[in-house]
Amino acid sequence: MRILKWLVTALVLVVLFGGSGFGAPLELKFGHVGAPGSLFDLSANEFAKRANAKLGDKAKVVVFGSSQIGKDEELMQKLKLGTVDLALPSTVMSSLVDVFGLFELPYLVKSRAHMRKIRDGVFWEKLAPAAEEKGYKVLAVWENGFRQITNNARPINVPEDLKSIKLRVPKGVWRVKMFQAYGANPTPIALSEVFVALQTNVIDGQENPLAQIASQKFQEVQKYLSLTEHVYTPAFVTAGTGRWEKLPKDVRKILENTAKGMQEFVYATAEKLDKDLLKELSATMKVNTANKEAFIKASGAIYDEFGATVPGGKELIERVKKLAK
């Protein structure tokens, strides 16, 4: 009877904490949608390397990229279920927590230096608590990047050039609204499905940071690369609050400190990728720099709507704008 009770207790611990066997380190699954060579991939693997060196035999972070264990929405569901420990969402957060739509507003974030100020002066005070109310614990703010447009129809210089173009966007209500305002036909599609959709002409184009464009090999099926930098998207190292609170306190501390300590590595890697990949993509794609002022002029209604419909939205916009000065 004692042996049976011991076995049941051990089994419960294995289920709760994900151990692969008695005496084996606790396995922490870190899922993301980035392909090999992407900023997500490089950042997540560096994080795992650093965290595992500190965790020792307490736990081990195992990274699953390329949507291996779920697309963005699936990963966010699995965080809540506790079947995935960490994920790296970006735009999808605006569909789950209204206030994260702040990072969907065009041309709001001016630079990585500006983003540092937003992170330290606004994010932890206003956005992180809102995520926790929805069941998500944000450990750190990393990067997805400045987004550019690719397509097979024509160079995009001004919003009017997007008219009638069927453009893939990630699932995020504000990204859809923005491109509708610009005259495009925005279509939300999971990142893992975009290459085939472009190849088969289901869509005409897409928008992503250069690191995602290159790692997904969109240059093989796209003619034009237009440097619009219409949105800067952060990425968020995220856990489900239920699962997070069950992890040992010392493990949580190592994970959180390591994730936050990664920020400058992420920025430096992103800056290098932007420079290197622009040269690489220019070899096979026709590249142009868009008229950003024209896009900014066409973006006013999005700001007005966000400020009017998201509680505290107008105040947040003003605080972020002041941090750019």
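The residues that line the largest cavity divide into five nonpolar, four polar and one charged, where Ala, Val, Leu, Ile, Met, Phe, Trp, Tyr, Cys and Pro count as nonpolar, Asp, Glu, Lys and Arg as charged, and the others, Gly among them, as polar. This is a predicted model, in which local features need pLDDT of at least 70 and side-chain atom pairs count only at pLDDT 80 or more, while totals for chains, interfaces and linings use all residues. Residues are numbered from 1 along each chain as its sequence is written, and side-chain values use heavy atoms, with hydrogens and water left out.

**Count and volumes**

- Two cavities of 30 Å³ or more are counted, a cavity being a set of points, on a 1 Å grid over the protein atoms alone, where a 1.4 Å probe fits but cannot get out.

**Largest cavity**

- Its lining (residues with an atom within 4 Å of a point) includes Ser90, Met93, Phe100, Glu104, Thr233 and Phe236.
- Two or more lining residues come from each of α4 (93-96) and β9 (232-240), with helices (H or I, at least four residues) and strands (E, at least two) taken as DSSP runs numbered from the N terminus.
- The largest share, three residues, belongs to β9.

**Second largest cavity**

- Among the residues lining this cavity are Leu39, Arg112, Glu143, Phe146, Ala270 and Asp274, and the lining divides into five nonpolar, two polar and three charged residues.
- The elements giving two or more residues here are β4 (136-151) and α11 (263-282), and β4 provides the largest share, four residues.

Key
1 Å grid on protein atoms, 1.4 Å probe; cavity = no way out; pocket = protein on both sides within 12 Å on 5 of 7 lines; lining within 4 Å. Points joined across faces, edges and corners; volume = space filled by probe spheres on them.
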